[in-house]
Amino acid sequence: MIKRKNIKEIWLVIYMFIFLFAPPIITSINLLIPLSMYSLFIVIIKYKSKLNKLFKKKDFQKIVLVLIFYFAFYIISTLINSINEEGIYSKNYILNIYSFILNFPLTIICSIYLTFKFDEENKSMNDMIRYFIYAGLIQSFLAVIALMSSSCRQWMLLHMLNANTEKFINSPWIIERRF
């Protein structure tokens with residue numbers, strides 16, 4: 001029988017796998033969105049006092065301010081570059097902004113959740129690195145399966161393409177470079 005501790009560790013590895021690789025398991029839903037919603041809910045409900053302490057620290061406030069300026073700079077510079085470019089590259093700049101806007105806040109929420117979770121479980125930085133390695137091993141295992149079986153690779157590619165409903169994400173130029 002699987003022990004409760006092992007289930008928690010398996011959950012953390014799966015969480016980190018979804019967090020790092022956002023696999024297109026469910027079509028038309030980026031798994032990072034429900035993962036960050038779950039994380040936000042848990043952080044607000046379970047770790048509210050830690051979150052309040054974190055927001056009150058001056059260092060955190062400075063970091064958030066720097067991130068906001070970086071966020072604004074990134075979007076403005078990318079928009080200026082997309083205006084100066086023509087054709088398919090403009091779509092690539094827009095895709096870049098879309099990815100940044102989607103992933104930036106979601107990544108921060110998930111990172112805060114992981115930090116609080118590892119602190120609660122009395123896990124060290126070495127433990128966190130080990131879990132990240134386990135998550136990478138899942139991705140590596142899937143890549144090896146795709147490499148060894150062309151039908152499996154084809155199924156994975158089709159599933160990934162079906163998960164992306166945006167036309168400019170599925171453009172031949174981007175698909176050629178991603179896969």
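This is a predicted model: local features need pLDDT of at least 70, side-chain atom pairs count only at pLDDT 80 or more; totals for chains, interfaces and linings use all residues.
**Entry 1: a pocket**

I started with the second largest pocket, and its volume comes out at about 220 Å³.

Next I looked up what lines the second largest pocket, and I got 13 residues. Phe 55, Phe 60, Val 64, Ile 108 and Ile 112 are the ones that lie nearest its centre. Then I sorted the lining by class: 13 nonpolar, no polar and no charged residues.

Which helices supply this lining? I find at least two residues each from α2 (32–46), α3 (48–56), α4 (58–84) and α5 (88–120). The largest share is from α4, which gives five residues.

I moved on to helix packing.

Helix α1 covers residues 4–21 and helix α6 covers residues 125–148. I have them packing at an angle of about 65°, with the axes 8 Å apart. Angles of 65 to 115 degrees count as roughly perpendicular, so I put α1 and α6 down as roughly perpendicular to each other. I noted the hand as well: α1 and α6 make a right-handed crossing.

Who makes the contact? On the α1 side I listed Glu 9, Leu 12, Val 13, Met 16, Phe 17, Phe 19, Leu 20 and Phe 21. On the α6 side I have Met 128, Tyr 131, Phe 132, Tyr 134, Ala 135, Gly 136, Ile 138, Gln 139 and Leu 142. Split by class, this α1 contact with α6 has 14 nonpolar, two polar and one charged residues.

**Entry 2: α1 against α2**

I stayed with α1 and checked how it packs with α2. The angle here is about 130°, and the axes of α1 and α2 are 9 Å apart. I therefore call α1 oblique to α2. As for the hand, I logged the crossing of α1 past α2 as left-handed.

From α1, I see Trp 11, Tyr 15, Ile 18 and Phe 19 meeting α2. Their partners in α2 are Leu 32, Leu 35, Tyr 38 and Ser 39. How do these contact residues divide by class? I get seven nonpolar, one polar and no charged.

Conventions:
Residues are numbered from 1 along each chain as its sequence is written. Side-chain values use heavy atoms; hydrogens and water are left out. Axes are lines fitted to C-alpha atoms, for helices over the stretch in contact, and angles run from 0 to 180 degrees between N-to-C directions. Helices (H or I, at least four residues) and strands (E, at least two) are DSSP runs, numbered from the N terminus. Angles under 35 degrees count as roughly parallel, over 145 as roughly antiparallel, 65 to 115 as roughly perpendicular and the rest as oblique. A crossing is left-handed if the near helix is turned anticlockwise from the far one by less than a right angle, and right-handed if clockwise. Contact means heavy atoms within 4.5 Å. Ala, Val, Leu, Ile, Met, Phe, Trp, Tyr, Cys and Pro count as nonpolar, Asp, Glu, Lys and Arg as charged, and the others, Gly among them, as polar. On a 1 Å grid over the protein atoms alone, a cavity is a set of points where a 1.4 Å probe fits but cannot get out, and a pocket is an open set with protein on both sides within 12 Å along at least five of seven lines; lining residues have an atom within 4 Å of a point. Grid points are joined across faces, edges and corners, and a volume is the space filled by probe spheres set on the points.
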